[in-house]
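Me: I am new to this structure and would like to go through it step by step. Please show it to me, and then take my questions in turn.

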Amino acid sequence: MTLLFQPPRPDHVPADRIVDFDFFHIPPGMTDPAEIWHDLRRSDVPRIFYTPRNGGHWVFLDYADIVEGYRNHEIFSTYQTPIPPIEPFPVMQPQGVDPPDHNVFRRLLAPMFTPTAVRGMVEELEKRAKALIGGFADKGECDFIQDFAARYPTGTFLYLFGLSEDRLGEFLDLAGTFFRSTDPAARAQNVVDIYAVLESLFREKERNPGNDIASAIVTARDADGNQHPWQDILNCGFLLFVAGLDTVTNTMAYIWRYLATTPAARRHFRDRLDDPDAFLRAIEELMRINAVSNLFRRVTHDCTFRGVALRKNDRVILPNTVANRDPTVFENPDMIDLDRKVNTHVTFGVGPHRCVGSHLAKREVMVSLAEWLRRIPDFELVPDSGETRAFGGSVMGFESLKLRWDV
Amino acid sequence: MKVHVNLSLCQGHARCEEICPEVFATDTVEGKCLILKDIVPDDLLEKARLVVRNCPEGALRLSRDKGAAAEGETA
Ligand code: SF4
């Protein structure tokens, strides 16, 4: 590989650990953005390497190291981690705060996203999935991203935050700019816009609290009986807005893209619509194979990790999709086995910052797929429709995915 | 066999409850593991072993235990 030292190579990084790797760059013709990671995994680059791209950062490739990156917050902090670096950056609550302080907001959010809490949302989630699918099922085609995978989690956000349905368009626009815009001015303005919406939302819920998550956050009291700092409340709202949208959208995009091209897998799920254990096991396998997030950490102090010298403020990427195919952990890791019995995937991370919304996210996928298959049992990709406009980065995915089926 | 959970490792993935709800549940505060039957009945042993292998945090453990000695303990 060619070496391009845009910033000079930091002197603590030995030359044999340098690899030229840009995780935003998907080579033309590559249809699956995760392949850039799997190419790395299959190559003989060091399992811990440094790339000078995007401000310079480390990449971990072994399951054990990635898991340690999540668990060891003494070395790997979630505070101010963007790659390439942006400073200052909103300190998202509780995601951007290290233990034990992250517990303040973690404990506040956790009860609203436990498996028990999520079971109470199922009926609403089913109703929403049915309504969306019903809107296009008779047409025999849709753009899966625009018509379903982007709308569904955004609608769920409105429901959880106690917001009226007619704000869907506004929130889709905000999310669209946040996740897809590459224009720095538009991006900066977008963050200001999102915070303005959150500001008025929380003020409104403070005056008229309802039975929703925004109200719970704004009316919560700390150990001394005071409201949490206003900025933290906004930052928590910001986290919930950005964390549960694009990740779910693109996980679904990957799964539907696979099902559209794999009749046996569609049949597998269809035959198990009334067998929740087997259905969930198959979903769990697709979660393993389609891990869209690449998480960031920042090194807290100069130290040595697995014999590699790390320096304070070095950035690290933990690619979940790579961990999930580590042959020392998963039998036949590249094989999709919808009946896989042992599956310790890290799609939602592990350790103290494990995705607090994971049970909701998983439920959104399960409900959507079940409702979809009941209404649209068979479907395929629209040939030559350019489903391949793929993007890399911290969340990988597709800009559009055109599907068709017989009506 | 007796099942143990290390709650300082458990992060609430709920794989235990999903795979073997006869033995495991999750709490409503943090979503962490609750053991419903700490002595695993023989017919659920295979499932419980599978659960231990599926916990992403390695928070669960099975140990041989004389039923009588553990009678007094509850989860
Ligand atoms: S699977 Fe493990 S981490 Fe998850 S709830 Fe059960 S014991 Fe806890």
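Me: In which helix of chain A does Asn250(A) lie?
Reply: This is a predicted model, in which local features need pLDDT of at least 70 and side-chain atom pairs count only at pLDDT 80 or more, while totals for chains, interfaces and linings use all residues. Residues are numbered from 1 along each chain as its sequence is written, chains are lettered from A and ligands numbered from 1 in the order in which they are written, and side-chain values use heavy atoms, with hydrogens and water left out. Helices are DSSP runs of H or I with at least four residues, strands are runs of E with at least two, and both are numbered from the N terminus. The run that holds Asn250(A) covers residues 246-260 of chain A, and this is helix H12.

Me: Is Asn250(A) buried or exposed?
Reply: Buried means under 20% relative accessible area, exposed over 50%, and partly exposed in between, with a 1.4 Å probe and protein chains only. Asn250(A) has a relative accessibility of 1%, and therefore it counts as buried.

Me: Which residues is Asn250(A) in contact with, leaving aside its neighbours within four places in sequence?
Reply: Contact means heavy atoms within 4.5 Å. By that rule the partners of Asn250(A), apart from those sequence neighbours, are Arg180(A), Val292(A), Phe391(A), Val395(A), Met396(A), Gly397(A) and Phe398(A).

Me: What is the order of the strands in the open sheet of three strands?
Reply: Two strands pair if DSSP finds at least two bridges between them, and S9(A) is joined to strand S12 (residues 402-404) of chain A by two bridges, running antiparallel. Within this pair, Leu381(A) is placed opposite Leu403(A) of S12(A). The pairing in the sheet is antiparallel, and its order in chain A is S4-S12-S9.

Me: Why is one side of S4 and of S9 left without a neighbour in the sheet?
Reply: Strand S4 (141-143) and strand S9 (380-381) of chain A stand at the edges of the sheet. One side of each lacks a neighbour there because each has a single partner strand.

Me: What share of the 407 residues in chain A is buried?
Reply: Chain A contains 16 helices and 12 strands, and its C-alpha trace spans about 60 × 55 × 40 Å along its principal axes. Of its 407 residues, the buried ones make up 57%.
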